[in-house]
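Good morning, and thank you for making time for this presentation. I would ask you to keep the structure in view while I speak.

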Amino acid sequence: KTPEEDVNNQVLLGIPAFDDCAIVPKRRELFMFCGLVNRGKSFFLIHTGRQALSQGKKVLHITLEMPGDQVMTRYVQAFFKYAQRPSKQTTRFTIKDKIFDIVKEPDYPTLKDNATWMAAGDAVMDSHIYLESNLAVVDFPSGSLSVQQLEAYIDGLELMYDFIPDVVIVDYADILKMPKGYQQRSDESI
């Protein structure tokens, strides 16, 4: 493949440790991100969606965990670097014996600081699907969406809105509806 084909078939995350090692989502491949409770998995998925959008890709973000308007608020925050509330937080992670720190500085503006951003966010969130050009955010109740229903939904987006996603984000796949007769072992996770 040419370098151009590689770039068009993947989403660079903007994290050199991942991008340099090609640990990135790629077209027609499953990319999973796992972690402990309250460690930023949903925020990482928003980051991945933002990166895909900034690379000109269409993103379908399915959330089974939180309301779609909350996900859209997080996209607004991610694009405009607005925090929900002031905080200073350091996150440390290690890849191949290298330690990386991500620090959120307390001087980020917050969504509540600027009524214009609040109004823009409200306008974006005034639809059921939150379909805005290259981003579609859809929420489903936990355990109500099966893989077959997801496929049908994607087909419907194409038919009704001419929206064909390059990237499909599912937050989170572990609570997809399982087929009848499927019994998940207690030690098994999707």
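Let me begin with helix α3, residues 41-54, in what is a predicted model.

How far is α3 enclosed by the rest of the structure? Of its 14 residues, 10 are buried, so the helix is largely enclosed. The buried set consists of Ser 42, Phe 44, Leu 45, Ile 46, Thr 48, Gly 49, Arg 50, Gln 51, Ala 52 and Leu 53. As for their partners, these buried residues pack against the helices α2 (16-19) and α4 (68-80), and also against the strands β1 (59-63), β5 (135-139) and β6 (167-171). After α3 comes Gly 56, which has a positive phi, near 80°.

I turn next to two of those strands. β1 and β5 pair in the parallel sense, over five bridges. Within this pairing, Leu 60 stands opposite Ala 136 of β5. β5 is itself mostly covered, with four of its five residues buried.

What does Val 71 touch, if residues up to four places away in sequence are not counted? Its contacts are Ile 46, His 61, Thr 63, Met 66 and Val 137.

Leu 157 takes us to helix α6, in which it lies. The 15 residues of α6, numbered 147-161, should span 21 Å at 1.5 Å a residue; the end C-alpha atoms are 21 Å apart, which agrees. Is Leu 157 buried or exposed? Its relative accessibility is 2%, so Leu 157 counts as buried. Leaving aside neighbours within four places in sequence, Leu 157 is in contact with Leu 60, Asp 162 and Phe 163. Leu 157 and Ala 136 are 21 residues apart in sequence, while their C-alpha atoms are 9.3 Å apart in space. Asp 162, which follows α6, has a positive phi, near 55°.

Gln 10 sits in the loop between α1 (3-8) and α2. With a relative accessibility of 15%, Gln 10 falls under the 20% cut-off and therefore counts as buried. Not counting residues up to four places away in sequence, Gln 10 touches Val 24, Pro 25, Lys 26, Gln 55 and Lys 57.

Finally, I come to charged pairs. How many salt bridges does the structure hold? It holds one. Arg 27 forms this salt bridge with Asp 166, and the closest N and O atoms are 3.7 Å apart. The pair links distant parts of the chain, for Arg 27 belongs to the loop between α2 and α3, whereas Asp 166 belongs to the loop between α6 and β6, 139 residues apart. Arg 27 is partly exposed, with a relative accessible area of 37%. Asp 166 is likewise partly exposed, its relative accessible area being 32%.

Terms used
Residues are numbered from 1 along each chain as its sequence is written. This is a predicted model: local features need pLDDT of at least 70, side-chain atom pairs count only at pLDDT 80 or more; totals for chains, interfaces and linings use all residues. Side-chain values use heavy atoms; hydrogens and water are left out. Helices (H or I, at least four residues) and strands (E, at least two) are DSSP runs, numbered from the N terminus. The expected span of a helix is 1.5 Å times one less than its number of residues. Buried means under 20% relative accessible area, exposed over 50%, partly exposed in between (1.4 Å probe, protein chains only). Contact means heavy atoms within 4.5 Å. Two strands pair if DSSP finds at least two bridges between them. A salt bridge is a side-chain nitrogen of Lys or Arg within 4 Å of a carboxyl oxygen of Asp or Glu.
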